[in-house]
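Hi,

Here is the structure I promised to pass on. Have a look at it first, and then read my notes below.

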Amino acid sequence: MSRFFAYISRMKHIKRWGLMPSFREENIQEHSLQVAMFAHALALIQNKRYNGHLDPEHVMALAVYHETAEVITGDLVTPIKYYNEEIRSAYKKIEKEAEERMISMLPEDLKEDYRPLIQPSDPEEKLLVKAADKIAAYTKCLEERRSGNMEFIKAEQQLYDSIMNMKLPAVEDFMRECIPEFNVTLDELNEH
């Protein structure tokens, strides 16, 4: 019996932004879907505009599974996770153990197919997924601010700076061309 998919389906119960009061709660399952959509777009932009050689569908799959460990660890809030190098290093070990545990729940003949999705090794792919992860967090901040929640203003600015400091042209294009529309109303989105 494989428990992997039953376990991973519990992603919908892991809440993000644990220290922040939210207008709308977000879980890691819905977050992962948004990251996957953004990562796919980033890979396409990289290939079409910047001579990239990425497999957009593979990058999208990496993003789908990028929070797998959190089914076991929960979502440790960023200020704690990155408080200092000792905590960051210890948490990386915990994440690795959680990933290994999740992989061990797969049927034997599928483990090595899922390992590279749960523990990716290609630096360029990992970087695009990381960028997509930050962009998804940034759009959450925009949503909260539009709803009148001032709690996310500092996180919004920090995420924006962090995204732009990545100095990735595909990411900069996506931020310039796609993200401004997250600040408009549904009626404005429907205008021709």
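Let's start with a term: a salt bridge here means a side-chain nitrogen of Lys or Arg within 4 Å of a carboxyl oxygen of Asp or Glu. Before we use it, note that this is a predicted model, where local features need pLDDT of at least 70 and side-chain atom pairs count only at pLDDT 80 or more, while totals for chains, interfaces and linings use all residues. Residues are numbered from 1 along each chain as its sequence is written, and side-chain values use heavy atoms, with hydrogens and water left out.

**Salt bridges**

The search of the whole structure turned up 16 salt bridges. One of them pairs Glu25 with Lys15, with 3.8 Å between the closest N and O atoms. Both residues sit in the loop between H1 and H2, 10 residues apart (helices are DSSP runs of H or I, at least four residues, numbered from the N terminus). Glu25 counts as exposed because its relative accessibility is 51%, and Lys15 is partly exposed at 39%. For these words, buried means under 20% relative accessible area, exposed over 50%, and partly exposed in between, using a 1.4 Å probe and protein chains only.

Now try Glu67 and Arg16, whose closest N and O atoms are 3.6 Å apart. Glu67 is in the loop between H3 and helix H4 (70-73), and Arg16 is in the loop between H1 and H2, 51 residues apart. Here Glu67 is buried at 7%, and Arg16 is buried at 12%.

Lys140 and Glu144 are both buried. Elsewhere, salt bridges with shared partners tie Arg49, Asp173, Arg176 and Glu177 into one network.

**The nonpolar core**

Which residues touch the most other members of the largest nonpolar core? They are Phe4, Leu42, Ile135 and Val171, out of 47 residues. Helix H8 contributes the most to this core, with 10 residues. A nonpolar core is a set of buried Ala, Val, Leu, Ile, Met, Phe, Trp, Tyr and Cys residues joined through side-chain atoms within 4.5 Å.

**One more residue**

Finally, find His13, in the loop between H1 and H2. His13 counts as exposed because its relative accessible area is 54%. His13 and Arg49 are 36 residues apart in sequence and 38 Å apart in space, C-alpha to C-alpha.

Cheers

Note on methods. Helices (H or I, at least four residues) and strands (E, at least two) are DSSP runs, numbered from the N terminus.
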